[in-house]
Amino acid sequence: MIEIQKLQNRMDLFDEAVRVFWGQWGSQTNYNFYHDCMFHSCHSSCDLPRFFIAVQDDSIIGTYALLRNELISRQDLYPWLACLYVVPELRGRKLGSVLLNHAVEETGKKGFKNLYLSTDLNGYYEKYGWTYLSEGFMLNGDPTKIFVKQTI
């Protein structure tokens with residue numbers, strides 16, 4: 001059975017979770033960034049940021065995060081969905097969709113009307129009801145597409 005849990009509720013999997021998140025989006029020099037961000041999110045009473053893990057048989061098989069910002073030019077928008085990941089051997093089984101729906105529900109529970117994401121993917125998020133909002137720019141100046149999904 002697959003369970004989606006807040007990382008702060010599964011601190012026994014904290015080190016593994018940091019390795020998974022960092023392993024997908026980190027670089028050789030920023031492990032401490034991921035560790036510090038995730039550690040403090042688990043020990044904060046604030047609603048954001050929050051990291052979520054999909055767990056099966058005590059192994060992490062998927063992830064996502066809800067963040068205050070995505071380090072892109074559109075700092076006026078929040079919260080952001082980030083770090084959506086499904087282990088390769090389980091892709092194509094709708095786990096990504098389940099994680100996306102969970103993220104939208106969690107965002108709504110926190111009182112936000114919209115959830116945003118930035119991506120360079122074409123066609124993936126649209127099939128799950130996300131709407132293209134505008135173009136934004138990454139920290140390095142590259143353009144990125146911004147999508148929105150209503151939580152209500």
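The legends below describe close-up views of a predicted model. Local features are given where pLDDT is at least 70 and side-chain atom pairs where it is 80 or more, while totals for chains, interfaces and linings use all residues. Residues are numbered from 1 along each chain as its sequence is written, and side-chain values use heavy atoms, with hydrogens and water left out.

View 1. Helices (H or I, at least four residues) and strands (E, at least two) are DSSP runs, numbered from the N terminus. Their order along the sequence is β-α-α-β-β-β-α-β-β-β. The C-alpha atoms occupy a box of roughly 40 × 35 × 30 Å along the principal axes. A compact globule of 152 residues would have a radius of gyration near 15 Å, and the chain agrees with 15 Å; the radius is taken over C-alpha atoms, and the globule rule is 2.2 Å times the number of residues to the power 0.38. Of the 152 residues, 46% are buried, where buried means under 20% relative accessible area, exposed over 50%, and partly exposed in between (1.4 Å probe, protein chains only). Contact means heavy atoms within 4.5 Å. Among contacts between residues at least 6 apart in sequence, 57% join residues at least 24 apart.

**View 2. Helix α3, residues 95–109.** The buried residues of α3 include Leu-95, Leu-99, His-102, Val-104 and Glu-106. Among the elements that cover the buried residues are β1 (3–6), β2 (50–56), β3 (59–67) and β4 (80–86). Gly-111, which follows α3, has a positive phi near 90°.

**View 3. Strand β7 and its partners β5 and β6.** Two strands pair if DSSP finds at least two bridges between them. β5 and β7 are antiparallel over 6 bridges, and Tyr-116 stands opposite Val-148 in β7. Strand β6 (residues 131–137) also pairs with β7 in the antiparallel sense, over 6 bridges, with Glu-135 opposite Lys-145. Between β6 and β7, which form a hairpin, are 5 residues; in this turn Gly-141 has a positive phi of about 95°. β7 is largely enclosed by the rest of the structure, because 6 of its 8 residues are buried.

**View 4. Aromatic pairs around Phe-21 and Phe-51.** Rings of Phe, Tyr and Trp (its six-membered ring) pair if their centres lie within 6.5 Å; planes under 30 degrees apart count as stacked, over 60 as edge-to-face and the rest as tilted. The structure holds 13 such pairs. The pair of Phe-21 and Phe-51 is edge-to-face, with centres 5.2 Å apart and planes at 85°. Phe-21 belongs to helix α1 (residues 14–25) and Phe-51 to strand β2, so the pair ties together parts that are 30 residues apart in sequence. Phe-21 is buried at 0% relative accessible area and Phe-51 at 6%. Phe-21, Trp-25, Phe-51 and Tyr-85 form one aromatic cluster.

**View 5. Cysteines Cys-37, Cys-42 and Cys-83.** A disulfide is a pair of cysteine sulfur atoms within 2.5 Å, and the count comes to 0. The closest cysteine sulfur to that of Cys-42 is in Cys-37, at 9.5 Å, too far for a bond. Cys-83 is in no disulfide; its nearest cysteine sulfur, also that of Cys-37, is 8.7 Å away. Cys-42 is buried at 12% relative accessible area, and Cys-83 counts as buried at 16%.

Terms used. Expected span 1.5 Å × (residues − 1).
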